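Biologist: I am new to this structure. Please show me how to read it.

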Amino acid sequence: AVCVTLTVPEMMLRWVNLKLKDVYPKKVEDFGLSLRDGTALFLLLHIVADDIMSTVPSEGQSRIQSILKVAPMVCGVQFLTAEAIQDGQADLLLAFVCCLFAARPCLPVRQEHSEVSRHLER
């Protein structure tokens, strides 16, 4: 019920922090300053798209360069730029996170509460 009252940015921040809770010591507070060094996005991509991240050579590349190589493979489009990340352009960073969520939500399914399981029990 709580998710119904959240805005899209609030829901995406919750998702990002849920995914990063075990690997990133800071809480992502916003889509600007919190993401502009690329660390949180880089780690998020490793969590939700490790199969693609592992195919991109990382030697000699910055985190941001790696993000820019993987982003179109996961989202299907390339609208993210190094400047958008480094400047903390919140609108583009939010759009990128939304694309990641749409392509790879990586959310656990709780069968006991799903509509499918209720219908199967009948």
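Modeller: Start with burial. Buried means under 20% relative accessible area, exposed means over 50%, and partly exposed lies in between (1.4 Å probe, protein chains only). Cys106, with a relative accessible area of 35%, is therefore partly exposed. This is a predicted model: local features need pLDDT of at least 70, side-chain atom pairs count only at pLDDT 80 or more, and totals for chains, interfaces and linings use all residues. Residues are numbered from 1 along each chain as its sequence is written, and side-chain values use heavy atoms, with hydrogens and water left out.

Biologist: Why does Cys98 count as partly exposed?

Modeller: Because its relative accessibility is 25%.

Biologist: How many disulfides does a search of the whole structure find?

Modeller: The general idea comes first. A disulfide is a covalent bond between the sulfur atoms of two cysteines. The cut-off here is a pair of cysteine sulfur atoms within 2.5 Å. The search of the whole structure finds zero. Take Cys98: the closest cysteine sulfur is in Cys99, 7.3 Å away, so it is too far for a bond.

Biologist: Now helices. How do I read the span of helix 2?

Modeller: Helices are DSSP runs (H or I, at least four residues), numbered from the N terminus. The expected span is 1.5 Å times one less than the number of residues. Helix 2 has 13 residues and reaches 18 Å from first C-alpha to last. That is close to the 18 Å expected.

Biologist: Which residues of helix 2 are buried?

Modeller: Met12, Leu13, Trp15, Val16, Asn17, Lys19 and Leu20. Their cover includes helix 3 and helix 7.

Biologist: How are two packed helices described?

Modeller: By the angle between their axes and the distance between the axes. Axes are lines fitted to C-alpha atoms, for helices over the stretch in contact, and angles run from 0 to 180 degrees between N-to-C directions. Angles under 35 degrees count as roughly parallel, over 145 as roughly antiparallel, 65 to 115 as roughly perpendicular, and the rest as oblique. The axes of helix 2 and helix 3 cross at roughly 75° and come within 10 Å. Helix 2 is therefore roughly perpendicular to helix 3.

Biologist: Which residues make that contact?

Modeller: Contact means heavy atoms within 4.5 Å. Helix 2 brings Trp15, Val16, Lys19 and Leu20, while helix 3 brings Ala40, Leu43, Leu44, Ile47 and Val48. For classes, Ala, Val, Leu, Ile, Met, Phe, Trp, Tyr, Cys and Pro count as nonpolar, Asp, Glu, Lys and Arg as charged, and the others, Gly among them, as polar. The contact of helix 2 with helix 3 has eight nonpolar, no polar and one charged residues.

Biologist: What angle do helix 3 and helix 7 make?

Modeller: Helix 3 (residues 39-48) and helix 7 (residues 90-103) pack at about 10°, with axes 12 Å apart. They are therefore roughly parallel to each other. Leu41, Leu44, Leu45 and Val48 of helix 3 meet Leu93, Phe96, Val97 and Leu100 of helix 7. That contact has eight nonpolar, no polar and no charged residues.

Biologist: Is helix 3 mostly covered or mostly open?

Modeller: Mostly covered: seven of its 10 residues are buried. Leu45 is one of them. Its relative accessibility is 0%. Not counting residues up to four places away in sequence, Leu45 touches Asp50, Met53, Ile67, Val70, Val74, Phe96 and Leu100.

Conventions: Helices (H or I, at least four residues) and strands (E, at least two) are DSSP runs, numbered from the N terminus.
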